[in-house]
Amino acid sequence: MSVFGVPFRSVPQLQSLSTADLSSILQDVQRRYDAFRQRALALDLTRGKPASEQLDLSSALLGLPGEDDFLAADKTDTRNYGVLQGLPELRALLAPLFGTVPVQMVIGDNSSLALMHDAIAYSLLKGTVGSERPWVREPRVAFLCPVPGYDRHFSICQDFGIEMIPVPLNADGPDMDVVERLVGEDAAIKGMWCVPKYSNPSGAVYSDAVVERLAAMTTAAPDFRIFWDNAYAVHHLTDERIEIPSLIDACARHGHPHRAFVFGSTSKVTLAGAGVALFASSAENVKWFLGRMGKRSIGGDKVNQLRHVRALRDTAGLLALMDRHRAIVAPKFAAVADAFAAHLGGTGVASWLVPKGGYFISLDVLDGCARDFVKAAKDAGVELTPAGATHPLGQDPHDRTVRIAPTFPDLATVKVAAEGVALSALLVTTSALLAGRGVTTA
Ligand SMILES: Cc1ncc(COP(=O)(O)O)c(C=O)c1O
């Protein structure tokens with residue numbers, strides 16, 4: 001994918017300056033940082049939530065389906081129990097967006113994270129298709145975790161005692177040489193987290209070649225699963241609606257039909273607390289999932305499913321809604337990118353990918369500077385996600401990556417906050433260089 005702004009892992013420029021020149025730059029940065037801090041602001045760029053203005057786009061849902069509207073297309077009474085797999089018309093609406101067909105999809109309640117949690121719990125307790133035994137009876141269970149990644153994925157693993165093995169995430173997906181080597185030699189590696197499109201937090205988009213290699217690779221574990229969390233499948237920030245290949249199809253083509261566990265939701269399409277979530281996989285995996293799910297529920301919230309069908313109408317209706325989200329969200333991302341380019345561009349002390357979709361930007365600063373950077377931003381009145389949150393167990397070995405979430409505050413706030421973030425990064429990294437610290441490692 002193309003990269004705008006400062007190239008990812010840019011060549012350090014400030015590092016080549018003399019101590020005298022660096023000192024004078026630091027004085028200037030300190031003056032600008034102090035002026036910002038004196039404004040005594042209290043801004044928050046921590047969690048990737050939709051803004052109220054975005055939730056307003058789906059206000060109609062609050063009045064749907066309406067008192068007299070409760071029959072699904074096949075006349076099922078949505079108020080009653082049943083239809084564990086979810087309404088066919090909603091599955092038909094969502095399936096093309098997630099690289100599958102309606103019969104290979106299950107609709108869950110509002111949270112895809114809950115479905116991921118369930119899939120792991122089921123696999124641990126019962127084993128999955130092709131397992132020799134429940135995962136919990138294995139001497140070790142490990143997951144590959146591309147980093148930077150999503151902290152809540154890591155929390156699930158931590159909670160269940162699953163070992164996490166970080167692998168580098170590049171702009172086009174995980175480092176596949178590393179992934180192939182690890183899964184090929186270690187049968188304890190049962191799973192891998194992937195956010196394949198507009199990744200949380202770097203914005204990376206997996207290339208066709210990476211998807212192909214993930215589907216084709218040989219794994220020591222016969223029941224290895226890719227947890228394909230396509231949370232940002234339709235969350236484009238440009239008019240280039242990037243599409244990635246269907247992992248389900250690619251895995252089937254390479255003779256590993258059960259490898260892909262696909263997840264998604266409408267949390268950031270309609271209402272974050274009242275959307276619908278989905279699981280998609282091979283027909284056999286769907287049967288396995290429904291078998292487990294049927295023990296914990298007699299059926300999901302079909303009234304919510306029906307009102308989503310009424311509100312979204314069809315796949316095109318959903319994409320049109322996403323264009324309206326984009327009109328609200330894209331200027332906020334542009335404000336952050338502009339502030340980073342203005343203050344950090346060409347300095348070589350920070351690098352980032354300007355994302356073409358999703359909810360996050362991650363800023364990589366010089367090694368050893370991320371914690372101090374987050375602290376400096378907080379002192380200046382801008383709360384950021386704690387450094388380390390992008391890595392398993394909250395430990396970023398390079399102390400380098402910080403996640404920025406610009407969607408929730410209003411645009412004016414994002415503009416100001418982004419300036420504070422950029423100044424804090426510049427202050428901390430310039431100070432580190434002067435103190436003889438702050439290197440970049442590839
Ligand atoms: C990558 C990723 N997956 C899942 C979620 C949560 O999804 P849901 O609301 O469907 O549980 C988020 C929320 O930020 C996310 O960034």
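Strands here, and helices, are DSSP runs, numbered from the N terminus: E of at least two residues for strands, H or I of at least four for helices.

Some housekeeping. This is a predicted model, where local features need pLDDT of at least 70 and side-chain atom pairs count only at pLDDT 80 or more, while totals for chains, interfaces and linings use all residues. Residues are numbered from 1 along each chain as its sequence is written, and side-chain values use heavy atoms, with hydrogens and water left out.

Back to β11. Strand β10, residues 350-352, joins β11 through three bridges, and the two run antiparallel. Strands count as paired if DSSP finds at least two bridges between them. β11 also has four bridges to β13, residues 401-404, again antiparallel. There, Ile 361 stands opposite Ile 404.

How many of the five residues of β11 are buried? Five of the five, so the strand, residues 361-365, is largely enclosed by the rest of the structure. Buried means under 20% relative accessible area, exposed over 50%, partly exposed in between, with a 1.4 Å probe and protein chains only. In a regular strand, side chains alternate between the two faces of the sheet. In β11, Ile 361, Leu 363 and Val 365 are buried on one side, and Ser 362 and Asp 364 on the other.

Next, the open sheet. It has eight strands with mixed pairing, in the order β2-β9-β8-β7-β6-β3-β4-β5. The edges are β2, residues 105-108, and β5, each pairing on one side only. Both faces of β2 are covered: Met 105 and Ile 107 are buried on one side, Val 106 and Gly 108 on the other. β2 connects to β9, residues 277-280, by four antiparallel bridges. Gly 108 sits opposite Ala 277 there. Further in, β6 and β7, residues 225-229, run parallel with four bridges. Cys 194 is partnered with Trp 228 in β7.

Now helix α6, residues 176-185. Met 176, Val 178, Val 179, Leu 182 and Val 183 are buried. The face turned away from the buried side carries exposed Asp 177 and Glu 185. The cover over the buried residues includes β3 (142-147), β6 (189-194) and α7 (208-216); contact means heavy atoms within 4.5 Å. At the N-terminal end, Asp 175 is the cap, with a side-chain oxygen 3.1 Å from the backbone nitrogen of Asp 177. Polar contacts are pairs of N or O atoms within 3.5 Å; within protein, one must be able to donate a hydrogen and the other to accept it, and residues adjacent in sequence count only if both atoms are side-chain atoms.

On to α10, residues 302-312. Eight of its 11 residues are buried, so this helix is largely enclosed by the rest of the structure. Its buried residues pack against α3 (88-94), β2 and α11 (315-344). At its start, a side-chain oxygen of Asp 301 comes within 3.2 Å of the backbone nitrogen of Val 303. After the helix comes Arg 313, with a positive phi near 70 degrees.

Last, the ligand. Which side chains place a polar atom 2.9 Å from a ligand oxygen? Ser 111 does, and Asn 200 does. For Ser 267, the distance is 2.6 Å. The protein covers 89% of the 400 Å² of accessible area that the ligand has on its own, by the Shrake-Rupley method with a 1.4 Å probe.
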